[in-house]
Amino acid sequence: MLFDERPKTKREDLFDRENELNGLLTNIYRPLIVLSGVRRIGKTSLLLVALNESKLPFILIDARKLKDNYGWKDIYELFSQALSSSLDKIADIIRNIRGVSILGTSVELSWKGKNYVSLADLFDHLNQKRIIIAIDEAQRLRGPLSREVKEAIAHAYDYDRNLTFILTGSEVGLLYDLIGIENDKSPLYGRYFYEIKLDRFSKEKGIEFLKKGFEENKKEANESTIEEIINFFDGIPGWLTLAGNYIISGKSIEEVKEISIRIAVNEISNLIESKRNVSEIVAKRYKNTLKCISEGNNSWTKLYDCLSKRENSTLSSSTLSNILQQLENMSIIYNYDFLDPVYKEAVKRL
Ligand SMILES: Nc1ncnc2c1ncn2[C@@H]1O[C@H](COP(=O)(O)OP(=O)(O)OP(=O)(O)O)[C@@H](O)[C@H]1O
Ligand SMILES: [Mg+2]
């Protein structure tokens, strides 16, 4: 069902991603694959369908669960959970590793003490079998321990030929930053990875997606509703799915817009809130920059003027370029505009 609101797991439910899926499956033998794209574009869906289709055993790690200042215990818990979920496929090869205990259906990894198992050791053991290690929202691994985690992945890249790492990320610049594309000090620097950049549906494909989704639900939706959904949500599958479900439940298009803007307001407020940990001034500056962009200030000069006015002071150009770079890294904006049209509307409400 196209409008199933969970990430898709089956090929027949994945709309218009044949090329991406085939690309992923034919490259699945590589050491490192990256799936990138803005929120709600369908990264987890593509990942799950590919894992399902590949028929290979996999370990799926949801890095979104990590806090900003995660520690070893958190990382090991994440891996323990992921190993537990795939236990039936890998029990034979992890059973006798020092520092790994299997209690019923759950796996426990020792993360300290004399029985400690390092991530690199764990990867070496997993390498006895062809296994995929998928890390969803991998940019969340940035932080105090990212170097050690990357060193373990770099080690596996070089020595564990049976392992494939698939990393996904919705904050694309941060994901590149994690891998260290431009940083020759990064353990993964210079290593080739196969990348799939997920883009939104074209207008035609978006319309087809909605029509098919409504048909599957035996719901007549008139052309103008479909047109309006596409014009507002711009081919981003997650929003189209959400809109489709609400229309089916009897909401009007205006109500659907309102609901989605509120969701986006929440997400952006969280982002600004996270900047408050740095300082109140920085948080305010992010908010003002976003507001200036949503008002259509689409060049450096315009944005700089708008921000100076809002702050009642002149700011250094490096401050502004820093904020812009961060917002681009988080895939919120590109080229002085929002990547997600709903975010643009949401920022106007802040
Ligand atoms: N190609 C597709 N065909 C059908 N449904 C899709 C497709 N891509 C995404 N969806 C739907 O859109 C929603 C978001 O998809 P998914 O969770 O896979 O995206 P994501 O990029 O991982 O999002 P996030 O960044 O929030 O983690 C889900 O409801 C999913 O079922
Ligand atoms: Mg996802």
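This is a predicted model: local features need pLDDT of at least 70, side-chain atom pairs count only at pLDDT 80 or more; totals for chains, interfaces and linings use all residues.
**View 1. The shell of residues around ligand 1.** Welcome to the surroundings of ligand 1, where 26 residues make up the shell, with E5, R6, K8, K43 and S45 the closest. By type, the shell residues divide into 11 charged, nine nonpolar and six polar. Two helices to look for here are α2 (43-54) and α10 (237-248), each of which supplies at least two residues of the shell. The space that ligand 1 takes up is the second largest pocket.

**View 2. Polar atoms facing the oxygen atoms of ligand 1.** Let us zoom in on the backbone to begin with: R6 places a backbone N or O atom 2.6 Å from an oxygen atom of ligand 1. G42 also has a backbone N or O atom beside the ligand, 2.9 Å from an oxygen atom of ligand 1. With K43 we turn to a side chain, one of whose polar atoms lies 2.6 Å from an oxygen atom of ligand 1. On its own, ligand 1 has 620 Å² of accessible area, and the protein covers 93% of that.

View 3. Is F165 buried or exposed? Its relative accessibility is 1%, so F165 counts as buried, the cut-off being under 20%.

Methods:
Residues are numbered from 1 along each chain as its sequence is written. Chains are lettered from A and ligands numbered from 1 in the order in which they are written. Side-chain values use heavy atoms; hydrogens and water are left out. A residue is near a molecule or strand if one of its heavy atoms lies within 4 Å of it. A polar contact is a pair of N or O atoms within 3.5 Å; within protein, one must be able to donate a hydrogen and the other to accept it, and residues adjacent in sequence count only if both atoms are side-chain atoms. Accessible areas come from the Shrake-Rupley method with a 1.4 Å probe; for residues, only the protein chains shown count as cover. On a 1 Å grid over the protein atoms alone, a cavity is a set of points where a 1.4 Å probe fits but cannot get out, and a pocket is an open set with protein on both sides within 12 Å along at least five of seven lines; lining residues have an atom within 4 Å of a point. A molecule sits in a cavity or pocket if more than half of its atoms lie within 2 Å of its grid points. Helices (H or I, at least four residues) and strands (E, at least two) are DSSP runs, numbered from the N terminus. Ala, Val, Leu, Ile, Met, Phe, Trp, Tyr, Cys and Pro count as nonpolar, Asp, Glu, Lys and Arg as charged, and the others, Gly among them, as polar. Buried means under 20% relative accessible area, exposed over 50%, partly exposed in between (1.4 Å probe, protein chains only).
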